[in-house]
Amino acid sequence: MQKDDDDAPTAYSAYQVELYTKGIMQGILPPTTTDPNKLSAQAKKVMRPEAYDYIAGGAGEGSTMDANRLAFRHWKIVPRMLRPTVPRDLKVQLFGKQYASPLLCAPVGVQEVYHEDRETGTASACAELQVPYIMSTASTGTIQEVAAASGDQPRWFQLYWPMDNEITASILRTARAAGFTVLVVTLDTATMSWRPADLDRTFLPFVTGQGNTVGFTDPVFRRKFAALNDGDTPEESPVQASRYWISEVFSGESHGWEDLELLKKHWDGPIVLKGIQHPHDAVLALRYGMDGIIVSNHGGRQCDGAVGSLEMLPDIVEAVGSQMTILFDSGIRTGVDILKALSLGAKAVLVGRPVMYGLGIAGKAGAKHVLASLLAELDGSMGLAGIKNIADLSKANLKRTLYGGDIKSNL
């Protein structure tokens with residue numbers, strides 16, 4: 001991927017030539033498959049069964065996961081010819097800041113169960129590609145460790161919102177002090193859904209402390225836990241501390257819209273709500289002063305039988321797209337998927353599972369390869385479709401078609 005200066009567009013499609021060159025001239029194959037339909041199967045062969053199931057599984061029978069993929073199949077690109085498209089420019093503006101591309105790494109927790117490179121490896125891979133890394137509250141690394149791994153590249157922080165306001169404020173202060181610029185608040189996970197893949201193996205890492213690092217290292221949480229447990233620390237009583245932390249972030253209770261004022265009080269940067277699926281909720285997010293929303297159903301991991309995320313994107317764009325920043329998450333598997341979501345009005349997209357498959361297969365190198373492949377395919381597909389800049393993407397580039405052959409969907 002060639003780049004001459006900070007303002008010049010990055011030629012992401014050059015990664016395809018790089019892969020061919022390394023293979024033909026040096027006998028070096030890609031660290032993971034480049035086929036999105038084979039990536040999950042490759043990960044399943046090398047990852048621990050419970051770890052693979054945790055990232056690959058969804059809620060209930062998996063119908064929301066299927067709906068996410070099928071929604072992409074219903075939109076087709078209509079290529080245009082005799083349009084110069086070089087050099088292509090993938091830069092986007094989000095919340096007043098320029099980003100190298102419209103790709104962001106979705107917040108994914110407990111990455112230590114997938115590979116020892118964990119969140120710091122993924123964050124470092126993102127930094128090398130100028131892809132913003134969104135750190136999960138359920139990280140197995142500290143806020144400071146992930147910040148250090150991100151270097152001087154943009155990083156966002158995802159919040160599983162504790163019920164305790166003092167703990168919430170403390171976590172936000174720590175993240176802001178570590179250079180995280182955008183707050184992503186997940187709304188759809190007040191409690192865990194019915195997830196058969198995890199239930200069958202009785203696998204839930206948070207119960208024994210894995211993925212609770214943000215809470216366990218927070219000074220206010222530690223003080224309150226000690227007060228309730230005869231001065232114990234989370235390190236001395238990890239199971240008890242885990243119960244306390246889970247009762248805060250996965251309590252089963254939901255905050256109200258009016259509670260967003262607390263977040264605005266303690267976060268001086270953009271705030272984005274993740275998990276919006278209904279246009280009315282998008283309007284409420286705007287009314288309550290949010291800077292953006294992420295149209296997402298948590299990758300099909302929460303409410304089974306829900307509508308595919310892409311199905312709702314056009315309606316939400318119509319409702320609030322001219323007044324706030326709309327991002328998209330859930331179901332992205334290819335660079336073409338990114339092109340479609342952007343054409344339907346999203347300003348950027350989040351990708352999670354494929355990156356974690358890459359991490360599980362080959363650590364940091366695998367995660368970086370998956371991200372670089374997505375960018376290369378997006379770049380190249382834009383050229384093939386006759387599109388030069390991200391700003392040129394619109395619904396006019398697509399046609400909605402429904403036919404039986406599209407029951408096939410890569411998951």
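In the predicted model, helix H13, which spans residues 279-287, has Pro279, Ala282 and Ala285 as buried residues. These three residues lie on the same side of H13, because the arc they cover around the axis is only 110°. An α-helix has 3.6 residues a turn, so residues three or four places apart point the same way. The buried residues of H13 are covered by elements that include strand S8 (271-276), strand S9 (292-295) and helix H14 (309-320). On the face of H13 turned away from this buried side, His280 and Arg287 are exposed. Just after H13, the chain reaches glycine 289, where phi is positive, at about 85°.

A search of the whole structure returned 1 cavity of 30 Å³ or more. The volume of the largest cavity is about 400 Å³. Its lining consists of 29 residues, of which Ile55, Pro107, Val108, His298 and Arg301 are the closest to the centre.

Several secondary-structure elements contribute to this lining. Helix H3 (49-56), strand S11 (348-351) and helix H16 (353-385) each provide at least two of the lining residues of the largest cavity. Sorted by class, the lining of the largest cavity contains 16 nonpolar residues, together with 7 polar and 6 charged ones.

Notes
Residues numbered from 1 in each chain as written. Predicted model: local features only at pLDDT ≥ 70, side-chain atom pairs only at ≥ 80, totals over all residues. Heavy atoms only, no water. 1 Å grid on protein atoms, 1.4 Å probe; cavity = no way out; pocket = protein on both sides within 12 Å on 5 of 7 lines; lining within 4 Å. Points joined across faces, edges and corners; volume = space filled by probe spheres on them. Helix = DSSP H or I, 4+ residues; strand = E, 2+ residues; numbered from the N terminus. Nonpolar A, V, L, I, M, F, W, Y, C, P; charged D, E, K, R; others polar. Buried < 20%, exposed > 50% of the residue type's maximum accessible area, 1.4 Å probe, protein only. Arc of directions from axis to C-beta. Contact = heavy atoms within 4.5 Å.
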